[in-house]
Amino acid sequence: MFRRLNSALPGLLIGILLYGIFIQLTGVWFVEDKLRYSSGLWIGILTAMGMAYHIALIIAETIDAPNPEKVRTWIIAKGILRYAAVAAVFAVTMYFDLGNLVTLFLGVMGLKISAYLQPALHKLLLKTKGKGGVSSDKTNIMKGR
């Protein structure tokens with residue numbers, strides 16, 4: 001399903017998840033409030049995964065846009081909406097004391113870390129599968145719309 005939207009999306013989501021597991025296993029031993037550390041981190045990881053999906057969705061919809069002149073404005077508006085949603089996640093987490101805001105930020109940064117490591121992760125996955133595949137920088141246009 002994710003590969004139909006964007007061929008790089010599954011690798012990006014796996015990278016975010018692996019980053020979250022790494023941060024969880026390395027950091028939880030050094031904090032006193034393990035529950036807030038973990039909940040903040042995983043709220044951030046889920047937020048990063050949601051952002052990755054949203055970005056891939058916007059790329060796919062932009063390619064199919066009937067009016068290319070309005071695409072730039074539409075992309076900017078969707079980006080602002082995405083960051084407003086992230087700010088809302090931080091506000092709700094802080095207001096209801098659902099998790100540590102620092103680890104929430106580290107979780108959201110999983111999107112950036114995964115994006116930087118995605119080419120290397122893609123090569124590693126291809127080696128372990130033993131077969132070639134599509135390049136991670138190609139986008140598949142959503143079909144059936």
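I started with H6, where Gly110, Leu111, Ser114, Gln118, Leu121 and His122 are buried. I kept in mind that this is a predicted model.

What covers those buried residues? I looked, and the cover for the buried residues of H6 includes helix H2 (9–27), helix H3 (34–63) and H5.

Next I checked how straight H6 is. Helix H6 runs over residues 110–129, which makes 20 residues, yet its end C-alpha atoms are only 25 Å apart. A straight helix would reach 28 Å at 1.5 Å a residue, so I noted that H6 falls short of that. Where does H6 bend? I found a bend of about 55° at Gln118, with a proline, Pro119, following within four residues. Gln118 is also one of the buried residues of H6. Just after the helix, I noted that Gly130 takes a positive phi of about 75°.

**Entry: H2 for comparison**

H2 has 19 residues and reaches 27 Å from its first C-alpha to its last, close to the 27 Å expected at 1.5 Å a residue. Then I listed its buried residues: Leu9, Pro10, Gly11, Leu12, Leu13, Gly15, Ile16, Tyr19, Gly20, Ile23, Gln24 and Gly27.

**Entry: the core**

I looked up the largest nonpolar core and got 20 residues, with Leu9, Ile16, Ala52 and Leu111 having the most contacts inside it. H2, H3 and H5 each supply at least two residues of this core. Which helix gives the most to this core? The answer is H3, with eight residues. As a general note to myself, nonpolar side chains tend to be buried together in soluble globular proteins.

I picked Ala52 to see what surrounds it. Leaving out residues up to four places away in sequence, Ala52 touches Leu9, Leu12, Leu13, Ile16 and Leu111.

I then asked what its side chain does: the Gln24 side chain makes a polar contact with the side chain of Trp42, at 2.9 Å. Not counting residues up to four places away in sequence, Gln24 touches Tyr37, Ser38, Leu41 and Trp42.

Moving on, I found Val28 in the loop between H2 and H3. Val28 is at 9% relative accessibility, so I put it down as buried too. Its contacts, leaving aside neighbours within four places in sequence, are Ile23, Lys34, Tyr37 and Ser38. I also noted that the C-alpha atoms of Val28 and Ser38 are separated by 7.2 Å, with the two residues 10 apart along the chain.

I searched for aromatic pairs and the structure holds one. The rings of Tyr95 and Phe96 have their centres 4.9 Å apart and their planes at 90°, so I logged the pair as edge-to-face. Both Tyr95 and Phe96 are exposed.

Last stop was Asp97, in the loop between helix H4 (71–95) and helix H5 (101–108). Asp97 has a positive phi of about 50° although it is not a glycine. Asp97 is at 48% relative accessibility, so it counts as partly exposed.

Conventions. Residues numbered from 1 in each chain as written. Predicted model: local features only at pLDDT ≥ 70, side-chain atom pairs only at ≥ 80, totals over all residues. Heavy atoms only, no water. Buried < 20%, exposed > 50% of the residue type's maximum accessible area, 1.4 Å probe, protein only. Bend = angle between axes of the 7 residues up to and from the residue. Contact = heavy atoms within 4.5 Å. Phe/Tyr/Trp six-rings, centres within 6.5 Å; stacked < 30°, edge-to-face > 60°. Polar contact = N/O pair within 3.5 Å; in protein donor to acceptor, adjacent residues only side chain to side chain. Core = buried A, V, L, I, M, F, W, Y, C linked by side-chain atoms within 4.5 Å.
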